[in-house]
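Here are my notes for your read-through. Please keep the structure open as you go.

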Amino acid sequence: MSASASKKSGDKSEQNLKWWQLSLLGVASTIGTGYFLGSAFGIKLGGPAVLISFVLAALGTFIVFDVLARMTAEDPQKGSFRTYAKKAHGRWAGFSTGWMYWCSEVLIMGSQMTALSIFSQFWFPDIPMWLFATGYAVLGLFVIWIGNKGFDRLENILAVIKIAAIVMFLVIAAVALMGWLKGGIQPKAPVTGSLFFPTGGLGLWSSLIFAFYAFGGIEVMGVMAVRLKDPKEAPKSGRVMILILAIIYVLSLAAVVTMAPWNKFPTTKSPFIFALSSYNLPFVPHVFNAVLIIAGFSTMVASLYAVTTVLISLSEDHDAPTLFSRKMFKRQTPMYALGLTAAGLVASIVLSLLMPGKIYEYLTTAAGLMLLYNWFFILISAGRNLELTVWGQIKRYIGMLLILLAVSGTLFHETSRPGFWISLGFIAIITAVVLFMQSVWRKEEKENPDQKERKRSKLRAKPIR
């Protein structure tokens, strides 16, 4: 079997996921601090109208994953979105999207571990943050090291815990809104236009980016989709996952903005904890602190899995040193790929602990925007890799428009504006690297004439139908 065919078919022993298991893994890799904490920024900017932002973000997420799942169903590839980018636009696209994803996720994971350390100090204030961050990093790498079965089991358990916590919040919120709990702020549903749109259309626009952040993680699900028993079930798996997320996000946030005034929510505390803080519920801060730790660790482990897989894919395509695709020991562990990711995590943790808070916040905001740029490129790649109907093309353009609205909305508030410009700086650096690498690739082609024929064969290949 050829190398390309091997990569396409993957390891059959690892193709053991049912569609509903992938849906659950998708929920686990998506619900994290971006929702439990980041939604506070969205409420601050858009008020109750942030609910519209979450509906729009759910629509945009569905459109992106739908085309990604269709490409996976017809042509399962371990490299997922970066392989489809390469197929559609050439080596430069696969190289740039792969490394942009790796860099952005490593930066985001550093911020996740810092957040996890802060949450942990709620119970153990005397233990230094770096010790917690190191512990979570080692534990996350261990989960990846033990293999897919261990990863799947852990993520499934954590997904159930997170969903259960949100359901618990909804039950408590319903009881509070009925007046059965002592204390609390007088609930007030934002039913009029002035109450629902307190910051106007600009506030709604600005809040859209934080709604998209709450859905970040579908690219992880795209990487895992190659492990489905039947890859053609990837679209169904994505539809169920996004529907679950949209329902629980909108219902829980609707309860939050009804239980407390939108302009009172602090951005340093989970809006769920704040909404319940005025009631006589001493267990709530501890329960939700545990949920925040579980959510953050779960999404961090999912990101570790994805960046390691993408790095191996880059190595197999000779867009990274070949040693990163080598596997060792009986478990066939990609030790070198894990080692580079671990080094990136260490650097990210050091940056997060030593840099002034605002500067590192700008870096991670830029990293989050770079993930959306990857989503945008997924939609662009689908235009070449899929034969879309007229309605399919319309949906693709709607997805692009929603992503552009979310990205441009960062220009209207000082929290995200510097991150936008930094993200463009990252793009400029990656572009410069790609321009340099193109001369290297041309030299390689001259040294290996067979490479040209392989490229011609790929171009002659039929598009995904």
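This is a predicted model: local features need pLDDT of at least 70, side-chain atom pairs count only at pLDDT 80 or more; totals for chains, interfaces and linings use all residues.

The numbered points below go from the whole chain to single residues.

1. The overall make-up is helical. The protein has 20 helices and 0 strands. Of its 465 residues, 53% are buried. Take the contacts between residues at least 6 apart in sequence: 81% of them join residues at least 24 apart.

2. Look next at α6 and α7. Helix α6 covers residues 81-89, and helix α7 covers residues 91-121. Their axes come within 6 Å and cross at roughly 155°. An angle over 145 degrees counts as roughly antiparallel, so α6 is roughly antiparallel to α7. The crossing of α6 past α7 is right-handed.

3. Which residues of α6 and α7 make the contact? On the α6 side they are Phe81, Arg82, Ala85, Lys86 and His89. On the α7 side they are Arg91, Trp92, Ala93, Gly94, Phe95, Thr97, Gly98 and Tyr101.

4. Ser80 sits in the loop between α5 (50-74) and α6. Is Ser80 buried or exposed? Its relative accessibility is 0%, and the cut-off for buried is under 20%, so Ser80 counts as buried. Leaving aside residues up to four places away in sequence, Ser80 touches Leu68, Gly222 and Val223.

5. Now check the length of α11. This helix runs over residues 200-214, which is 15 residues. At 1.5 Å a residue, α11 should span 21 Å.

6. Where does α11 bend? The bend is at Leu208, by about 30°. Leu208 is also among the buried residues of α11.

7. Last, Met335. This residue lies in helix α16, which covers residues 335-354. The relative accessible area of Met335 is 31%. Buried needs under 20% and exposed over 50%, so Met335 is partly exposed. Leu323 is 12 residues from Met335 along the chain, and their C-alpha atoms are separated by 9.3 Å.

Notes:
Residues are numbered from 1 along each chain as its sequence is written. Side-chain values use heavy atoms; hydrogens and water are left out. Helices (H or I, at least four residues) and strands (E, at least two) are DSSP runs, numbered from the N terminus. The expected span of a helix is 1.5 Å times one less than its number of residues. The bend at a residue is the angle between axes fitted to the seven residues ending there and the seven starting there. Buried means under 20% relative accessible area, exposed over 50%, partly exposed in between (1.4 Å probe, protein chains only). Axes are lines fitted to C-alpha atoms, for helices over the stretch in contact, and angles run from 0 to 180 degrees between N-to-C directions. Angles under 35 degrees count as roughly parallel, over 145 as roughly antiparallel, 65 to 115 as roughly perpendicular and the rest as oblique. A crossing is left-handed if the near helix is turned anticlockwise from the far one by less than a right angle, and right-handed if clockwise. Contact means heavy atoms within 4.5 Å.
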